[in-house]
Amino acid sequence: MKARFIVSPVLCIGCRTCELACAFAHAIDGKLGKSRIYPIDGGFKELWVPVTCLQCEEAACVKSCLVNALQRNPETGAVELNQEKCVKCMACVAACPFGCSLLDEQHELVVKCDLCGGDPACARFCPTKALEYKPIKGSPKKIAV
Amino acid sequence: MIRITINGKVTQASEGETLLKVIRREGIDIPALCHHEAVEPYGACRLCMVEITKEEWNGWSKYVTSCLYPVEPGLIVKTHSTKVIEMRKTIVDLYLARHPNCAEIQQLADEYGVTKTSYQTVVDGDNCILCGICTRICDEMGFHAISMVGRGHGKVVAPPLDEAPANCTGCLACAQNCPTHFIEFEDKGNSRTIWGKKFEMITCEKCGKTTITKEFADYLAEHRELPREYFNICDECHRRSTALDMGRIASWSKEVK
Ligand code: SF4
Ligand code: SF4
Ligand code: FES
């Protein structure tokens, strides 16, 4: 893994630019994709939380998938959903405790964040750096969380 | 890496890949009705047939089902040669006779210019093309709730003894992946019926939206080491509660008025 996705809710202003960027980045045949990221009211005044997949190490979605359609990309660290393999059973959508496996109703596909293959659109467009994709220097194991 | 030629274009493939995979990666459209990436290739529909040859075959060629055929160095593949199209047309013609009312078959017939079948039409033919995608996916998921029953004309997909299958969890994967949308089910209120079996759906504890069947959630919790309470609320409410949890933590580092 070369980089890490970092979310800093304190910096989020709830502008929803990331949501738009994500939907554009995942458009199919000119139709917007379903956003995989949602800035949601964090329950305090002026506090927003961009809720998105944090690519859990022991991911519930991966465990729930009975046909191994969800697999980690060792390059980016993202758990990617293989659209061709997915049988649309909705197990992962129901299992993710963060609600980050989703049904894209328009395209009739189950989707999740793929870190855009290594260049996350949301982080690129976030105006306040609430979302960042930072290169990991040195051994990833030594990084304090 | 293996080099092969498809329709005159040289391309790379990796050892063990099937021809169909490479053909699709090249963006070439050939019908493959019984193919699904979640399960092993099956070779039932014969529509993915292509013509192959090699330099050293001295002009000989053969016809193979691309979904089953592994790539070999030096293969020269034609996906739309006159002979291949002719063979595909014959197959489509037969399908049209067997399933005259099937929209997907009609569309394929249109594409291949088969306006009318040259065989005798089956009058009360159903839309199941016996591709086995449903039964194979069900097996792959570990349920084995449905299978092919009978032979020849009488072959159908059914649960054992035609009774509501005990192993079915109502995940709906069979119906969702049937290429001709033949498998019937009904979602009504908080119940689902498929293969003559009725299921109770989980309704989100917070908003009341229905998600998956209770039986499917129970199965996943038991066999995949997932806490059963993960399934109590829907994805949207999960996101909302994630925001509230993270919001509480974030508020410690931000002065909240
Ligand atoms: S919906 Fe697709 S990716 Fe999710 S668990 Fe089912 S088969 Fe796997
Ligand atoms: S990384 Fe890409 S897929 Fe993931 S939330 Fe951001 S824009 Fe969406
Ligand atoms: S897809 Fe190859 S035989 Fe059906």
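**Chain B, asked and answered**

Visitor: What share of the 257 residues of chain B counts as buried, and what makes a residue buried?
Guide: In this predicted model, 47% of the 257 residues do. Buried means under 20% relative accessible area, with exposed over 50% and partly exposed in between (1.4 Å probe, protein chains only). Local features here need pLDDT of at least 70, side-chain atom pairs count only at pLDDT 80 or more, and totals for chains, interfaces and linings use all residues. Residues are numbered from 1 along each chain as its sequence is written, chains are lettered from A, and side-chain values use heavy atoms, leaving out hydrogens and water.

Visitor: Which residues of helix 6 of chain B are buried?
Guide: Helices are DSSP runs (H or I, at least four residues), strands too (E, at least two), numbered from the N terminus. In helix 6 (residues 214-223), F216(B), A217(B), Y219(B), L220(B) and A221(B) are buried.

Visitor: What do those buried residues of helix 6 of chain B pack against?
Guide: With contact meaning heavy atoms within 4.5 Å, the partners are helix 2 (60-64) and helix 3 (91-95) of chain A, plus strand 10 (197-203) and strand 11 (210-213) of chain B. Just after helix 6 of chain B, E225(B) takes a positive phi of about 50°.
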